[in-house]
Amino acid sequence: MLYRFILLFLVMRLNMSMTELVINVSRGEADSSVFRQSLSGNTSADTVTIQYVTPSGTGVTQLTDFKTGVTVTVVTVPGEEELGQPRYQVLCFVSPTSSDIIPPEAMTKLRQKHPGAVRVAEEGRGRVVVDNSANIIVSKANHLSHHIPILCKEAKDTTFAPDHLLKQYQEGSLGQGKMVQARRDNKDVTYFSRSQATQYTGLARCAGMEVGSRAPCLCVVENCVFWYPCSLKYCRNTAGDPGEHRCGIRTCSKCTEMRFTAKNKNLCSWDEL
């Protein structure tokens, strides 16, 4: 009886701490495709997760870890086996968290009044280019976020990060040491990463390489989130109260162009100039 009570309590607590909103999204242009996207906030883990599958079959999971200031983006790209490609590739990108996404507590309060509606963001925030010149050792990446070994377990050789993330880790502005700075004994980023900055700078773009080339090249993959809550709206209180109250959200869209080193052109067949 006690076991059943504890189990029921844990299930209720999980449901209270994590909610998911599933919506239809579009770029908003006349010829834009419509696809499903989910957004969830977990107040216990202090995370926000956005997931979607593009019309071409590429799957994206973007987890923002508010505790450590790190965002993990997992991109699963289907391959063409008849061209000698793997059935699918999993690419992982670790980056500093941006400030333009609402916290988990606010995300859990989002509700959908019209399930069939297609959502288009109020504001477009353009395109961000990120040069991921460092490789992350997934099994040792707990120093950055304990979510990385779980989310990137299929990307042991294809987990990347920009060099400025490593610098911010050393400065203590992100990673597990952000929470308890006094407990950080090791700021040596070579424990969980390998910088390839020198090689990365001289890479040719995969899209411009000859077919069949086996040389490493610079590959690009996109993560376009067409609808996400980027800030909270506040309205003035009525009845003479001088304060403000939360009265809605502002929604944005943003594309991130993630650049990284591919072992050869065949592992970056989707890239185009």
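Begin by selecting K233 and E122, whose side chains meet in a salt bridge (3.4 Å, N to O); a salt bridge here is a side-chain nitrogen of Lys or Arg within 4 Å of a carboxyl oxygen of Asp or Glu. The pair links distant parts of the chain, 111 residues apart, with K233 in strand β12 (residues 217-236) and E122 in the loop between β7 (118-119) and β8 (123-131). Helices (H or I, at least four residues) and strands (E, at least two) are DSSP runs, numbered from the N terminus.

This is a predicted model, in which local features need pLDDT of at least 70 and side-chain atom pairs count only at pLDDT 80 or more, while totals for chains, interfaces and linings use all residues. Residues are numbered from 1 along each chain as its sequence is written, and side-chain values use heavy atoms, with hydrogens and water left out.

Next, select E123 and R250, a salt bridge whose closest N and O atoms are 3.0 Å apart. E123 lies in strand β8 and R250 in strand β13 (residues 244-262), so this pair ties together parts that are 127 residues apart in sequence.

Now extend the selection to D100, E122, E123, R125, K233, R250 and K254, which are linked in a network of salt bridges.

Finally, move to R205 and D271, which form a salt bridge with closest N and O atoms 2.7 Å apart. R205 sits in the loop between α5 (197-201) and β12, and D271 in the segment after β13, 66 residues apart. D271 counts as buried at 8% relative accessibility, where buried means under 20% relative accessible area, exposed over 50% and partly exposed in between (1.4 Å probe, protein chains only).
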